[in-house]
Amino acid sequence: MEGSPAGPIKVGVIADQTGPLSFMGIADANVAKMVIDEINAGGGLLGEQVELCLEDSETTDSAAEACATKLVKQDQVDVVFGGIYSSTRQAIKGPAVVDGKTLYIYPEQYEGQESDPLIFCTGPVPAQQVDPLIPWLMQETGAKKFALPSADYIWPRVLNEKVRQVVAANRGEIVEEDYHPLDHTDYAETVGKIMSSGAEVVFNTIVPPGLTPFMQQLHDAGFTERGGQLVCTYFDENCLGLVPPEQVEGLYGCLDYYQDAGDPFSKELLDRYDKLFPDSAMFTGGSACSGMYRGLRLWESAVREAGSLDQEEVIRALDHAKIAVGPGGPAEMVPGQHHVRMNMYIGQVRNGALEIVESLGAVDPDERTVEAHSIAQV
């Protein structure tokens, strides 16, 4: 895997192409195909073609773990991309990073705190979502009381810690918080608590497949009719297709990309994707498409700068890699942090469509530093 390639450069991508997250994972697979094809059409990398090794993680962590094992041991890929759920990232990390010592790029918005010399993250983290969104929301709406209905895994639990901190710092309070299995469907008790708690904001971290029944039951209880605010940081255009629009009218999110982004490259990229994959899963931010595109291009830039596939050299270049254009705007790795400084946007569902209501500009991830010396020890 070191030095000049002796054959095709292999990029492993793990995507949930079946199962409850297939409406997101198919889009991620499409993005990987599109970018790899474009790299090859432009002459490849280091004089070689790039081979996409695409695996279906089936929206189960056990399948994702098996995919990572195959990609590293059998296919001997040069880099691994993929994962949506944070638990899936952890499942991939074992065979790919801990055992396989292979560079892994995680594209989804997540709870932050991943700090490993072999892992780079190209989606937003709490400092880029919660930190700007909650004070803005409280200022705009006057809301002070928050409910935190949540899925029971690492992302909601860690993200909610940040939510509690930011709400308290802005003189608000958490009046309800509970956790459910990912496939939970009966939210009557949770909705009842929300309605009786006086919550003015529901900050939702319930994820598909639980998202659909929760939104239905919360809507039926009249939460938004009484003036309640919905917030879901990952909610994007793909998610909008899962629920009747009246159930999420007014919902706020905060992502690195919405299809409403007005910069010329974002518009051209979306048009190119839609022409390549008509009637397929949509190119969206919350589905990790933006992070997948960004990650592949940053990795490509790093390989070109390194001039080889030597993993340590690629990592050294990736640590400060930049792209001048991308979904939502330019992006760059913050040296030492293995996370990306990128443009962020507050979006809102208005009349059944997601619109950008506030452009936040480039926002730092504010993650802890990965010790540089530890890279050489891997």
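Two strands are taken to pair if DSSP finds at least two bridges between them. Helices (H or I, at least four residues) and strands (E, at least two) are DSSP runs, numbered from the N terminus. By this criterion, β6 and β8 run parallel and are joined by 2 bridges. The model is predicted: local features need pLDDT of at least 70, side-chain atom pairs count only at pLDDT 80 or more, and totals for chains, interfaces and linings use all residues. Residues are numbered from 1 along each chain as its sequence is written, and side-chain values use heavy atoms, with hydrogens and water left out.

Strand β6 also pairs with β7 (residues 173-180). The two run parallel and share 7 bridges. Pro 149 stands opposite Asp 178 of β7. On the β8 side, Phe 146 faces Val 201. Together with helix α5 (residues 154-169), β6 and β7 build a right-handed β-α-β unit. Right-handed here means that, with the strands pointing away from the viewer, the path from the first strand over the helix to the second runs clockwise. Strand β6 is mostly covered, with 6 of its 7 residues buried (under 20% relative accessible area, 1.4 Å probe, protein chains only).

Helix α7 (residues 211-220) has the buried residues Leu 211, Pro 213, Phe 214, Met 215 and Leu 218. These pack against β6 (145-151), α6 (188-197), β8 (201-203), β9 (229-231) and α9 (245-248). Contact means heavy atoms within 4.5 Å. The axes of α6 and α7 come within 10 Å and cross at roughly 45 degrees. Axes are lines fitted to C-alpha atoms, for helices over the stretch in contact, and angles run from 0 to 180 degrees between N-to-C directions. The contact is made by Ala 188, Thr 190, Val 191 and Ile 194 of α6 and by Phe 214, Gln 217 and Leu 218 of α7. Gly 222 follows α7 and has a positive phi, near 85 degrees.

An open sheet is formed by 5 strands in the order β2-β1-β3-β4-β5, with parallel pairing. Strands β2 (50-56) and β5 (119-121) stand at the edges, each with a single partner strand, so one side of each lacks a neighbour in the sheet. Neighbouring strands of this sheet are turned by 20 degrees against each other on average, direction ignored. Strand β4 (residues 104-106) pairs with β5 in the parallel sense over 3 bridges. Tyr 106 has Cys 121 in β5 as its bridge partner. Helix α11 (residues 289-306) packs on the sheet and touches β1 (9-15), β3 (79-82) and β4. The direction of α11 makes about 165 degrees with that of β3.

Methods: Buried means under 20% relative accessible area, exposed over 50%, partly exposed in between (1.4 Å probe, protein chains only).
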